[in-house]
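Hello,

Here is the structure I said I would pass on. My notes on what was found in it follow below.

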Amino acid sequence: MRGLLDRLKDFVIYDADVEFYAKVFPDSVGRKDLMRLRKMKRSDLSQIVAIEKSSYPFPWEKDIFQDCLNMRYECWLCELGDDILGYGIMSMAVGEAHILNLCVSPKEQKQGIGRKILEHLISIAKKEAEQMFLEVRPSNTGAISLYDSIGFNEIGVRKGYYPAENGKREDGLMFALELL
Ligand SMILES: CC(C)(COP(=O)(O)OP(=O)(O)OC[C@H]1O[C@@H](n2cnc3c(N)ncnc32)[C@H](O)[C@@H]1OP(=O)(O)O)[C@@H](O)C(=O)NCCC(=O)NCCS
């Protein structure tokens with residue numbers, strides 16, 4: 001269970017003072033305090049694609065990320081210095097937000113970064129959407145527990161939604177979150 005202080009720190013996307021304190025009093029600022037969220041740029045895509053390839057058995061290619069940027073989807077990342085740690089992509093239309101990708105570099109997982117990115121996308125979606133949707137593989141128990149803990153409900157199954165080994169397909173579980 002994370003403490004109240006951690007939750008408050010997560011709420012602050014980026015505080016320029018933190019970098020100042022990190023330089024002047026290096027021991028006073030933790031690694032997590034220096035992680036910041038910002039919008040994805042085209043120049044981030046080589047790092048993003050490397051994380052994508054190391055995280056998914058069937059990763060997106062670079063052109064899909066380019067399309068997401070072209071479509072002006074909400075494309076956000078979490079970084080520490082020059083290193084990208086994770087990213088999330090969300091589309092929004094007619095009152096519905098859809099999480100298209102949420103990914104944290106394998107070596108950076110289980111530190112609250114996935115939750116931080118998802119909570120940020122939820123805060124953006126709340127301004128103009130009433131519901132948020134996402135799909136997840138039934139085998140992806142880590143992601144499912146994240147979605148459960150945030151309050152998503154399983155609402156259905158998309159048959160054969162995902163590619164799987166040997167040309168087979170895996171179902172996608174559909175999750176929804178009420179934003180109102
Ligand atoms: C799913 C993913 C984004 C989670 O990111 P993360 O930064 O590791 O997750 P967090 O540290 O924010 O964890 C938040 C919660 O998720 C759950 N969780 C995350 N990883 C878990 C795991 N491997 N096993 C069990 N629970 C896990 C826990 O409930 C955790 O709660 P806690 O904060 O109380 O411990 C990350 O594992 C990932 O990128 N996986 C590969 C890509 C992927 O599958 N994306 C989802 C596609 S639908």
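A nonpolar core, as the term is used here, is a set of buried Ala, Val, Leu, Ile, Met, Phe, Trp, Tyr and Cys residues joined through C-beta atoms within 7 Å. Please keep in mind that this is a predicted model.

The core

The largest nonpolar core has 34 residues, and those touching the most other members are Trp76, Cys78, Tyr87, Ile117 and Leu121. At least two residues of this core come from each of H3, strand E2 (74-80), E3, E4, H5, strand E5 (131-136) and strand E7 (169-178). In soluble globular proteins, nonpolar side chains tend to be buried together. Leaving aside residues up to four places away in sequence, Leu121 is in contact with Glu74, Trp76, Gly88, Met90 and Ile99.

Helix H3

Which residues of helix H3 (residues 45-55) are buried? They are Ile48, Ile51 and Glu52. These three lie on the same side of H3, because they cover an arc of only 100° around the axis. An α-helix has 3.6 residues a turn, so residues three or four places apart point the same way. Ser46, Lys53 and Ser54, on the other side of H3, are exposed. The cover over the buried residues of H3 includes helix H4 (62-70), strand E3 (83-93) and strand E4 (96-104).

The ligand

The ligand is surrounded by 19 residues, of which Gln109, Gly114, Arg115, Gly142 and Leu146 are the closest. E4, helix H5 (113-125) and helix H6 (141-150) each contribute at least two residues to this shell. Which of the elements gives the most to the shell? That is H6, with 5 residues. Sorted by class, the shell around the ligand holds 8 nonpolar, 9 polar and 2 charged residues.

Two backbone angles

Most residues other than glycine have a negative phi. Val94 is not a glycine, yet has a positive phi of about 35°. Val94 sits in the loop between E3 and E4. Val94 counts as exposed because 7 other C-beta atoms lie within 10 Å, and the limit for exposed is 12 or fewer.

Lys110, also not a glycine, has a positive phi of about 65°. The loop between E4 and H5 is where Lys110 lies. With 9 other C-beta atoms within 10 Å, Lys110 is exposed too.

Regards

Methods: Residues are numbered from 1 along each chain as its sequence is written. This is a predicted model: local features need pLDDT of at least 70, side-chain atom pairs count only at pLDDT 80 or more; totals for chains, interfaces and linings use all residues. A residue is buried if 20 or more other C-beta atoms lie within 10 Å of its own, exposed if 12 or fewer, and partly exposed in between; C-beta atoms are placed from the backbone. Helices (H or I, at least four residues) and strands (E, at least two) are DSSP runs, numbered from the N terminus. The arc is that of the directions from the helix axis to the C-beta atoms. Two residues are in contact if their C-beta atoms, placed from the backbone, lie within 7 Å. A residue is near a molecule or strand if its C-beta atom, placed from the backbone, lies within 6 Å of it. Ala, Val, Leu, Ile, Met, Phe, Trp, Tyr, Cys and Pro count as nonpolar, Asp, Glu, Lys and Arg as charged, and the others, Gly among them, as polar.
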